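Me: I have not seen this one before. Can we start with the aromatic rings and then go to the ligand?

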Amino acid sequence: MQALDENILEKCRSAKRVVAITGAGISAESGIPTFRGKNGYWKSYRAEDLANFESFQKNPILVWEWYQMRMEICRKAEPNPGHLAIAKMESLYPEFHLITQNVDNLHPRAGSKNITELHGNIFTTRCTKCTYNSTLGSDSFPLPPICPNCNSILRPNILWFGESYDIKVLDDCIQKLRSADLLLIIGTSGQVTVPVYLAEEAIQSGAYSIEINLDRSTLSKKVNVHLQGSASEVLQLLMVK
Ligand code: OAD
């Protein structure tokens, strides 16, 4: 990766309200598979068998086993310099918010506090019937886990295909994106409609937009700058405050 253009660095230096949107690419360097890459989850598993509520109702144990396998990978992984750079940005900018599509918990473990986990968190669970929700510890549990309040089955607290985003959460993100002066889009293929829509909100509202990705994505043409490189390497170069 070459040194960055001074104009890009100046945009980072002068920014006051920053939003970062991250995807699976930022955690790839921590050893967590992406979804659509060479060894991505959707290359070896069918989303329709594992990541929707109908499949869960048909075979909750199968779905839970898949999430337990992924939880194990996430638990063993460590935040990388990319996650740490994002966490540090909270103290560098007057306003900084992170919107992540990742459920792996690596951003919170790196220290990010101003964070929206758009697709949930793999270490949390909620009841399929009542409002019970909880965080899963590292102890193993019998499958499927049962709600202590109402005895219904607990499900992973993850947004599955066909499910709606929480409108209040989206509205909050949109407010932040509309007032952002710098948008960082990191390690996402831009194949999921809502995160792309969110990024476009900031771009259309005039934020200077920087994409960091090893490859081009559906957003590459829409941003001010596409920086081709690994998330951890490029993010460290952007820490110019
Ligand atoms: P994808 O697997 O679709 O895309 C990962 C992106 O990261 C690709 O564009 C890669 O080029 C890029 N990438 C890989 N390694 C990188 C690195 N070291 N540095 C920078 N970029 C790198 O993952 P997402 O876009 O995050 O949703 O997928 C979005 C959603 O689709 C996921 O949250 C998940 C999935 O279905 C749900 O499960 C609800």
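Me: How many aromatic pairs does a search of the whole structure find?
Reply: The search gives 13 aromatic pairs. Keep in mind that this is a predicted model.

Me: Take F35 and Y41. What is the angle of their planes, and what is the pair called?
Reply: The planes of F35 and Y41 are at 55° and the ring centres are 5.7 Å apart, so the pair is tilted. An angle under 30 degrees would count as stacked and one over 60 as edge-to-face.

Me: Is Y41 buried or exposed?
Reply: Y41 counts as buried, at 5% relative accessibility. F35 is partly exposed, with a relative accessible area of 23%.

Me: And what about the rings of Y93 and F96?
Reply: That pair is stacked, because the planes of Y93 and F96 are at 20°. Their ring centres are 6.5 Å apart. Both Y93 and F96 are buried.

Me: Which residues form one aromatic cluster?
Reply: The cluster is made up of F35, Y41, W42, Y45, F53, F56, W66, Y67, W160 and F161.

Me: Where does the charged end of R70 sit?
Reply: The charged end of R70 is over the ring of Y41, 4.8 Å from the ring centre. R70 also lies over the face of W66, at 4.6 Å from that ring's centre.

Me: Switching to the ligand. Which of the residues around it come nearest?
Reply: There are 23 residues around the ligand, and F35, R36, T188, S189 and N213 come nearest.

Me: How much of the ligand's accessible area does the protein cover?
Reply: On its own the ligand has 790 Å² of accessible area, and the protein covers 91% of that.

Me: Which pocket is the ligand's space?
Reply: The ligand takes up the space of the largest pocket.

Key
Residues numbered from 1 in each chain as written. Predicted model: local features only at pLDDT ≥ 70, side-chain atom pairs only at ≥ 80, totals over all residues. Heavy atoms only, no water. Phe/Tyr/Trp six-rings, centres within 6.5 Å; stacked < 30°, edge-to-face > 60°. Buried < 20%, exposed > 50% of the residue type's maximum accessible area, 1.4 Å probe, protein only. Lys NZ or Arg CZ within 6 Å of the ring centre and 35° of its normal. Near = heavy atom within 4 Å. Areas by Shrake-Rupley, 256 points an atom, 1.4 Å probe, with all protein chains shown as cover. 1 Å grid on protein atoms, 1.4 Å probe; cavity = no way out; pocket = protein on both sides within 12 Å on 5 of 7 lines; lining within 4 Å. Sits in = over half its atoms within 2 Å of the grid points.
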